[in-house]
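Me: I would be grateful for a close look at a single part of the structure shown below. Please describe that part in itself first, and then its surroundings.

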Amino acid sequence: MTERRTLPGFASRPADPERWVRAPDKPAAPNSFTARLTIDVTPALRARLKVAAFQRGITVADMLRALLAREFPDTSGDVP
C-alpha cells in the first residue's frame, strides 16, 4: 500500500549511449531548443561573455549558438 513507483531520474543516462548518440535528430520547430549544454566558466569569463553579447545586442545563448554553429558546421554531406 505504501509502495512507491520508481520513475526515471531527471538526468538519467540512456541504456545504450552509442545508439542514443548516433540516433538521427528529430527536426525541430523554428526557435525550439532540443538540448541544454552546461559549461563551466570563470566568473570573469562569464562577465566578458555578457558584456560582449550586450554590445552586440544579442543574448549570450544566441552568441554561443552562432559560435558553435560556425566552429562546428553541419557535415551531413561529408564522407568520413
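Reply: In what follows, a residue counts as buried when its relative accessible area is under 20%, as exposed when it is over 50%, and as partly exposed in between. The model is a predicted one.

The setting may be given briefly. The protein chain has 3 helices and 0 strands, and along the sequence these follow one another in the pattern α-α-α. Of its 80 residues, 5% count as buried. The accessible surface of the chain comes to about 8600 Å², and carbon and sulfur atoms contribute 58% of that area.

Leu49, Ala52 and Ala53 are the buried residues of α2. These three lie on the same side of the helix, because the arc they cover around the axis is only 95°. A general point about helices bears on this: an α-helix has 3.6 residues a turn, so residues three or four places apart point the same way. The face of α2 turned away from the buried side carries Pro43, Phe54 and Gln55, which are exposed. Just beyond the end of α2, glycine 57 adopts a positive phi of about 75°.

The cover over the buried side comes next. Helix α3 is among the elements that cover the buried residues of α2. Methionine 63 is located in α3. With a relative accessible area of 10%, methionine 63 is buried, because that value falls under the 20% limit. Apart from neighbours within four places in sequence, methionine 63 is in contact with Leu49, Ala52, Ala53, Arg56 and Ile58. Methionine 63 and leucine 49 stand 14 residues apart along the chain, and 8.7 Å separates their C-alpha atoms.

Helix α3 also holds a charged pair. The structure has 1 salt bridge, in which arginine 65 is paired with aspartate 62, with 2.6 Å between the closest N and O atoms. Because the two residues are 3 apart in helix α3, about one helical turn separates arginine 65 from aspartate 62. Arginine 65 is partly exposed, at 36% relative accessibility, and aspartate 62 is likewise partly exposed, at 38%.

Phenylalanine 72 lies in the segment after α3 (60–71). A relative accessible area of 61% makes phenylalanine 72 exposed, because that value is over 50%. Together with Leu37, Ile39, Val41 and Leu68, Phe72 forms a nonpolar patch on the surface, and the accessible area of the five residues together is about 510 Å².

Technical notes. Residues are numbered from 1 along each chain as its sequence is written. This is a predicted model: local features need pLDDT of at least 70, side-chain atom pairs count only at pLDDT 80 or more; totals for chains, interfaces and linings use all residues. Side-chain values use heavy atoms; hydrogens and water are left out. Patches are made of residues with over 30% relative accessible area and no salt bridge: like charges are joined within 9 Å, nonpolar side chains (Val, Leu, Ile, Met, Phe, Trp, Tyr) within 5 Å. Accessible areas come from the Shrake-Rupley method with a 1.4 Å probe; for residues, only the protein chains shown count as cover. A salt bridge is a side-chain nitrogen of Lys or Arg within 4 Å of a carboxyl oxygen of Asp or Glu. Helices (H or I, at least four residues) and strands (E, at least two) are DSSP runs, numbered from the N terminus. Buried means under 20% relative accessible area, exposed over 50%, partly exposed in between (1.4 Å probe, protein chains only). The arc is that of the directions from the helix axis to the C-beta atoms. Contact means heavy atoms within 4.5 Å.
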